[in-house]
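Please find below a short note on the structure under discussion.

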Amino acid sequence: MSLYRDQGVALRHYKLGEADRIVVFMTAGHGKVRAVAKGIRKTKSRFGSRLEPPTNVSLLFYEGRGELDIVSQAESIDHFRPIRDDLGRMTDAMSMLEAVDQTAQERQPDARLYQMLVAALRTLADRERRSPLLVAAFYWKLLSMEGFGPILEQCASCSAPASGVALVAFDLTQGGALCRDCRQGLPVSPEALQLLGRILGGGLAGALQEPDSAVTSEVAALATHSMEQHLERRLRAVHVLDHG
Amino acid sequence: MYAAPVQDLIDELGRLPGIGPKSAQRIAFYLLKAPSEDALRLSHAISLVKERISWCRRCFNVSETATGDVAGQSECEICRDDRRDKTTVCVVEEPRDIVAVEKTREYRGRYHVLQGAINPIEGVGPDQLRVRELLARIDAEAIVEVIVCTNPNIEGDATAMYLASLLRALPVKVTRIASGLPVGGDLEYADELTLGRALEGRRELA
Ligand SMILES: [Zn+2]
Ligand SMILES: [Zn+2]
């Protein structure tokens, strides 16, 4: 069996046999990797909490014969303690991890996605403030990286420019914002479209400073809806504590 | 294709946790080859457990139905024990965690089994757990302290924080079991989160 090194964020884990787990990582160099962590559920496991989502770890893998590798060694790069200590941050982190898990391809290197995830987790781990837009911004950036960045400057269907017509609806399957004549999908306010434009058009840092408002909620709901359309499945983590 | 009864057996076995199609097939053929009385002992044990064992109506531990009990109305041995402290409740994820806590011989209160933990990525939320039932017990049983004894992993942490946020509104003391270093282990192997929490939970030496 051959060994290889990489860095990765633990996305999710599930139980295997008596004391093992399968851990799914988003790695910097090998895309999504599924690997067995032996004995990890024992209290005295040498892995401790290092392979728990959303930890960013430096890893040594044994290459398996099938689709599962084996985690040989793990050292934490960042364990994002503030995320572990706060239910809201934890839910946000899980919402991002879930989308990455659904988007990333196994063994298809995607260093940009890994870097973007680590950067988002770092922002989320800021104890001082938590942006109501972080998960939404992450979803929009992820959709853009996947080649589904929404059209915002003109009607995605008839190409009428935003300067000439009001864009009143949004449907990612149509390409983005839609005019009154072409409208379908969700209704959208001009303020939400403008905020979305800032997120995708180089104004991310400023957008993340926005306080919680009807507009940030609208952009967040639109992000979840569009991501779900793209993945063709419902996201779980975003909704789990909705009515809590 | 196998004869229908064999295929049914393979399908049923394959629905068990941790059993893939290959293992299901292997077990099915083991049972086919085994002497009848061995295989029937297994089937008898399964029917007996389904007949006699149910969830404790108070704490959702496993509970043996006493003769004369209405199904689903029985209480477990711990809840029936009058010597135990009825004002303290230890919240665990699964009945097997009760066994682990009982082995310490350090705890004399009652329990509450959530029957799982919050797991956002798997879509397991509070509605799928016995959370409402726990809240209802606080007032009804005049509970003074709730000890949250969920696993020290991400799902257990999420569950503990969620329960704390709900219980804050009630006149009850909420504590969480300390997490720290396993006794008998070496400090240098401890991960950062464990060591950090152990430092926070330090105690004054007498
Ligand atoms: Zn149009
Ligand atoms: Zn009971």
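The points below take up chain B, its interface with chain A, and the domains of chain A.

1. The model is predicted, and the remarks that follow should be read accordingly.

2. Chain B contains eight helices and six strands. Along the sequence, these elements of chain B are arranged in the order α-α-α-β-β-α-β-α-β-α-β-α-β-α. The radius of gyration of chain B is 21 Å, well over the 17 Å that the globule rule gives for 206 residues, so chain B is more spread out than a compact globule.

3. Along its principal axes, the C-alpha atoms of chain B occupy a box of roughly 65 × 50 × 35 Å. Of the 206 residues in chain B, 23% are buried. Among contacts in chain B with a separation of 6 or more, 43% join residues 24 or more positions apart.

4. At the interface between the chains, 23 residues of chain B contact 25 residues of chain A. Helix 7 (154-167) and helix 8 (192-200) of chain B are the elements that each supply two or more residues to the chain B side. Helix 7 of chain B gives the most, with six residues. The chain B side comprises eleven nonpolar, eight polar and four charged residues.

5. Chain A is divided into domain 1 (3-81) and domain 2 (82-240), whose C-alpha centres lie 28 Å apart. Between them, 17 residues of domain 1 of chain A are in contact with 22 residues of domain 2 of chain A. On the domain 1 side, strand 1 (3-16), strand 2 (20-27) and strand 3 (32-37) of chain A each give two or more residues. By class, that side has eight nonpolar, five polar and four charged residues.

Terms used:
Residues numbered from 1 in each chain as written. Chains lettered and ligands numbered in written order. Predicted model: local features only at pLDDT ≥ 70, side-chain atom pairs only at ≥ 80, totals over all residues. Contact = placed C-beta atoms within 7 Å. Helix = DSSP H or I, 4+ residues; strand = E, 2+ residues; numbered from the N terminus. Nonpolar A, V, L, I, M, F, W, Y, C, P; charged D, E, K, R; others polar. Domains from an automatic or database assignment. Rg over C-alpha atoms; globule rule 2.2 N^0.38 Å. Buried ≥ 20, exposed ≤ 12 C-beta atoms within 10 Å, placed from the backbone.
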